Amino acid sequence: MKVYLKQIVERLSRYLSKIKTFYTNSVRKMYLAGLVVFSVLFVGCCGSEPLRFPTWFKFGAASSAYQVEGAWNVSDKGESIWDYLVHTRPEIVAGGGNGDVACDSYHLWRRDIQMCEELGLDTYRFSISWSRLLPSGYPNIISEDGKNYYNNLIDGLLEKGIEPVVTVHHFDLPQSLQDLGGWANPLIVDWFTDYAQVVFSLFGDRVTYWVTINEPFILCEGVFPLFLAPYYDDPNIGRYLCNKNVLVAHAKAYRMYDDLFRSKYNGKLSLSTLFFWFEPATPEDEEITDLMFEFWEGRYAHPIFSKEGGWPVKLEKNLADNARMEGYSHPRLPPFTSEEIDLVRGTYDYFALQHFTSRLVRRLRPGERNPMWPLIGSSEMGIIMESHPSWVSVNDWFAIWPQGFHKQLNWLNTTYDLKEIFITENGIPLGPDVDDTLRVEYHRSYLEQILQALHEGVPITGYTAWTLMDNFEWVSGYTVQFGLYSVNFTDPMRTRTPRTSAKYYANVTRTRML
Ligand code: BGC
């Protein structure tokens, strides 16, 4: 009871200080009023244990194959697009690192499981390396070593009572398929479905939660501001071909699971969607912000999760008009046939949400140009994305604004008909310090928004911290750290050390309180 009262007092004093900070900000006044009313109601009337996560709520952490496994060429493993990129163009990775060894999880998977145990996790999300399991990219050869590695990891987790959440594909396409056009080639629909069938048949008996494809938005579009393999400099066509192919590939894999595995294993499938919350800078920016949602989120979510399916109508027209004005004879975003709309629509059992940050959106002023990273979509939409002065800004694309997460959750819940939202990534990029108090505050404040959303009836069933340990952060290499555990990359043993945030998170999973 004492702890409970203390938490209420802490909660109120936090809101009081927020009131002080936001008082002069007229754009935020309405939101603030809502927040105050809500917190009074929340504290005053929400039963005896408003601050506790339900026992069925799953806490987890995540990683992905190329970012942690290393062992890039052991046994019969094939080459992935990341192996190829870092070996042919090492200069593109900050600090010149690569994932050849990374965290060496291929050898140190027992230690990874031990860390999950130390954190008291209910789930561990990892991905399967396509070229480790299918060295040629096709199911003509299934690697025994690849099979054993993932079987060991899955069985080891289950022995400790930790549920594996498995991503079938996380940014590391076999180079053999990239050579044929990769995600821009419609044949990838069959290549991916064949691969997914092997994965489901080998591991489906022990895995319930599947993420077919990680963040298709970043997979297709992250290539063009040039921070992901295959590192093409073609912003006009490839991303849109990929956009359609990735959705159809997910859908075919989902339908295949329905036909061959669902009755036996009854798993849950989705793809994981990256959502930034976009806040209009002024009321005049609301319309363009709505269009930006459709550009970033809608293009990947609407065809699957909306009732009507297909591309978001306003955006499809906007992009077609732009293409016409630019002299293209066909829309750059390939239209869906009505059969494809039906194939894709409804191919989900839950919503896998990945959320990191919020951005303030405003139209570009005359003569203004977009800054470097948050370029995706900015030029098409003629907008700029930035941080609000009241948010804690971490770098040029990242600011802490937990209320944006809350808005995101409510938006999702009202926009689509969802029975379950599972947060499959949420984390913060910081420096190497083991005492990472800002990360503690980030996770605490974002988890707090989940609690509030849960009490408002948003069906969130799990939360996954990105990431279990520092790892290869794509073209940022090892210069940025997201990990609950720090990893010493100069030590051949890749020693892992719990950060302050790991201890905090372990306490949350143990007490189910913040
Ligand atoms: C990706 C991870 C990445 C993280 C941080 C997510 O978009 O799934 O692979 O490391 O963001 O950038």
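Which residues line the second largest cavity? In this predicted model, local features need pLDDT of at least 70, side-chain atom pairs count only at pLDDT 80 or more, and totals for chains, interfaces and linings use all residues. Residues are numbered from 1 along each chain as its sequence is written, and side-chain values use heavy atoms, with hydrogens and water left out.

The second largest cavity is lined by Ser 63, Ser 64, Ala 65, Val 68, Glu 69, Asp 112, Tyr 124, Phe 126, Ser 127, Tyr 149, Tyr 150 and Leu 153. A cavity is a set of points on a 1 Å grid over the protein atoms alone where a 1.4 Å probe fits but cannot get out; lining residues have an atom within 4 Å of a point. The space in this second cavity is about 60 Å³. Volume here is the space filled by probe spheres set on the points, with grid points joined across faces, edges and corners. At least two lining residues come from each of α3, β2 (123–127) and α7 (144–159). Helices (H or I, at least four residues) and strands (E, at least two) are DSSP runs, numbered from the N terminus. The lining comprises 7 nonpolar, 3 polar and 2 charged residues. Nonpolar covers Ala, Val, Leu, Ile, Met, Phe, Trp, Tyr, Cys and Pro; charged covers Asp, Glu, Lys and Arg; the others, Gly among them, are polar.

The whole structure holds 2 cavities of 30 Å³ or more. Two or more of the lining residues come from each of α3 (65–68) and α6 (130–133). By class, this lining has 3 nonpolar, 5 polar and 5 charged residues.

Strand β6 (residues 277–280) is covered on both faces. Trp 277 and Glu 279 on one side, and Phe 278 and Pro 280 on the other, are all buried (under 20% relative accessible area, 1.4 Å probe, protein chains only). β6 pairs with strand β8 (residues 358–363) in the parallel sense, over 4 bridges; pairing requires at least two DSSP bridges. Trp 277 has Ser 358 of β8 as its bridge partner.

The residues around the ligand include His 170, Asn 214, Glu 425, Trp 466 and Trp 474, each with a heavy atom within 4 Å of it. A side-chain N or O atom of His 170 lies 2.9 Å from a ligand oxygen atom. For Asn 214, the corresponding distance to a ligand oxygen atom is 2.9 Å. For Glu 425, it is 2.9 Å.

Note on methods: 1 Å grid on protein atoms, 1.4 Å probe; cavity = no way out; pocket = protein on both sides within 12 Å on 5 of 7 lines; lining within 4 Å. Buried < 20%, exposed > 50% of the residue type's maximum accessible area, 1.4 Å probe, protein only. Polar contact = N/O pair within 3.5 Å; in protein donor to acceptor, adjacent residues only side chain to side chain.
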